[in-house]
Amino acid sequence: MARTLDRLGREPLVGDGGMGSPLSAAVPRARCSEEVNLLAPELVLRFHLEFIRAGADIIQTNSYGANPVKLAQHSLDEQFERVNQAAVKIAREAREVSGRDVLIAGSIGPLGIAGEHLGETRSELYADQARLLEGRGVDLLVLETFTSLEELRTAVLAVRAATALPLIAQVTVQDDAETITGSSATDVAAAFTAAQVLAVGVNCSLGPHSVLAALEEMRPATDLPLTAQANAGLPQSVEGRIHYPNATPEYFGEFASHAVALGAVVIGGCCGTTPVHVASIREAVAERRSPAVSIALVEHELPTVQRAQAAETLLEGKLRRGEQVLSVELDPPKGANVERMITSAKALAASGRVDLFDINDNPLARARMNAIIASALIEQQTGVETIPHLTPRDQTIRGLESVLLGAHAVGIRNVLAVTGDPPPPGDRGGSDGVYQVDAIGLTEVIAALNRGVDYSGKSIDAPTAFHIGVAVNPAADDLEAEIGRFYAKIEAGAQFAMTQVLFDAATLEHFLAELGGRSPLPLLVGVWPVRSYALALRLHNEVPGIRIPEPVLARLQRAGSSADREGLAIARELLDAFAGLAAGAYLVPPFKEPEAVLELLR
């Protein structure tokens, strides 16, 4: 309680927005919006998180109509305790997931007409809900959307007798700043003292204008702090769905500025308001700006609600603009010494010819430094963006998610999801891969994090912004199956692709023809300047997925001792040919000599 009072005493706080209508619309089987706490708690959690991310300092539990009288209208009165307990639990989880110290307000609405005949029982019902919300851990209580001053008095006295939690009392008014039962805003403000409530105010109503009009009348009538949480305007039913009018976020910013000027300590939204409106309120409250225009006569278009776009990666930007991309593939060290890897990366970066580094994840299933960690070190030391490979071979889904969240925290944004080389038979100490998912499933895991949820559908503190890559092999033996997997990866959320290393343009041309003439995703094609005929022969015969055409093998064989130069010539020809077919290339350096690719780039 001291924490709540301290925060409310220091500065105006931003409330959340409307949840009832969108929750009911999203879960049609729910008999009321409060039942969604039981049917789809993750959805309620997601709504809370959206408002927190938009800047809300206070979130209200989804318990407005969760009293026995209103629940009974939906045959849910026996679920009274479960619904209220779930409402608080979800809100507390949202606070924990978000990582922000938001206050949780237990929402209590009026019993309404159905409760008028209950007499003294009304007080018991309000007290029961207040005690239940307090017992689950709310920070304060909000009596909201009351239309009768008499009923609000009853609720305040009942709640105050049941709990010492800070209490806010709010009514809803019409255009004349009166409740529908005829009580003026002045009467409401004068009805309560600091001993009864922490603040008094207006919520819902007909929109920002009516809320501000009521606050203007309340201000001279009380020394209590005020609260203002306005609807987006008058709702209307269109084909059975509730719609709200054209209150733009900018309009709500002006509303917030006026409310601050009138002494409001909590400013938020109510029905029809979205995280975008709350973000505008947040900005206005932060600036504490003076109102510059009259709010009364402005009309606006309906806002488009969308998540702010994350800054695109260098790779994403180049692909979007159609610029050729060049990456160099690096292997992390087999131990903890990163000196050689960093030295090579710096030398390649200094050339000015390399856009990115893609980093292998335990190639050949042999333990090396984690590719994500190696990528973070390279980015820190060189300033060059990376594409770490990530395989589900070595970790469970939870482990993969943990690695990804850590990667995002340190700035890694590109990730290549690959199935990975399986451990060799008889590998001492762990011959079996984990493989809870394959590359398609891993792509789904990363895409889910980008949507703000984990693989099980539970919300995380904020969506990630990974640029997701996948592998594809145009030289696959079963090309039809490979193309099917490629489309499955795209459906899972892939945004770019990197091919297996190729040794002729004809293979890529045939692959593109099978795709209808062009790739549905930007392609980076693998190029490996093979230095000897013996290596080429081994790759062709022993490494799955690599196929070297006979003409290329013949060229290297004829070159004899000059095969290294012939290999460079072949690689240069391929880079030129691929430039007209793909979005770019990645180079596989000679073994233990990453800087050797610079000769290819001259």
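**Note on the predicted model**

1. Helix H7 (residues 121-136) lies across strand S3 (103-108) and strand S4 (140-146), and its direction makes about 160 degrees with that of S3. This is a predicted model, and the points below should be read as such.

2. Helix H10 (residues 208-218) also packs on the sheet, where it touches strand S5 (167-171), strand S6 (199-204), S7 and S10. The direction of H10 makes about 165 degrees with that of S7.

3. The sheet in question is open and has 8 strands in the order S1-S10-S7-S6-S5-S4-S3-S2, with parallel pairing. Strand S1 (13-14) and strand S2 (58-60) stand at its edges; each has a single partner strand, so one side of each is left without a neighbour in the sheet. Within the sheet, strand S7 (residues 226-230) and strand S10 (residues 264-269) are joined by 5 bridges in the parallel sense. Ala230 has Gly269 of S10 as its bridge partner.

4. On the nonpolar cores: the largest has 74 residues, and Leu141, Leu143, Phe192 and Ile267 have the most contacts inside it. Helix H4 (residues 41-54) supplies the largest share of this core, 7 residues. Apart from it lies another core, of 69 residues, which includes Leu348, Leu416, Ala505 and Leu575. In soluble globular proteins, nonpolar side chains tend to be buried together.

5. Which residues does Leu141 touch, not counting those up to four places away in sequence? The list is Gly106, Ile108, Ala130, Leu133, Val159, Thr163, Leu165, Pro166, Leu167 and Ile168. Of the elements named above, S3 spans 103-108 and H7 spans residues 121-136, and Leu141 touches Gly106 and Ile108 as well as Ala130 and Leu133.

6. On the cysteines: the structure holds 0 disulfides. Cys270 is in none, and the nearest cysteine sulfur, that of Cys271, is 4.1 Å away. The sulfur of Cys271 has its closest cysteine sulfur in Cys204, at 4.1 Å, which is too far for a bond. Cys270 is buried, with a relative accessible area of 11%, whereas Cys271 is partly exposed, at 26%.

7. S16 pairs with strand S15 (residues 467-472) in the parallel sense over 4 bridges, and the bridge partner of Ala471 in S16 is Met498. From S15 the chain passes through helix H18 (residues 479-492) to S16, in a right-handed β-α-β crossover.

8. S16 is also joined to strand S17 (residues 523-527), by 3 bridges, and the two run parallel. Here Val501 has Gly526 of S17 as its bridge partner. S16, helix H19 (residues 505-514) and S17 make a right-handed β-α-β unit.

9. Which residues of helix H21 (residues 550-559) are buried? They include Val552, Leu553, Ala554 and Leu556. The buried residues of H21 pack against helix H20 (533-542) and helix H22 (563-579). After H21 comes Gly560, which has a positive phi, near 60 degrees.

Methods. Residues numbered from 1 in each chain as written. Predicted model: local features only at pLDDT ≥ 70, side-chain atom pairs only at ≥ 80, totals over all residues. Heavy atoms only, no water. Buried < 20%, exposed > 50% of the residue type's maximum accessible area, 1.4 Å probe, protein only. Contact = heavy atoms within 4.5 Å. Core = buried A, V, L, I, M, F, W, Y, C linked by side-chain atoms within 4.5 Å. Disulfide = S-S within 2.5 Å. Pairing = 2+ DSSP bridges. Axes fitted to C-alpha atoms, helices over the stretch in contact; angles between N-to-C directions. Right-handed = clockwise from strand over helix to strand, strands pointing away.
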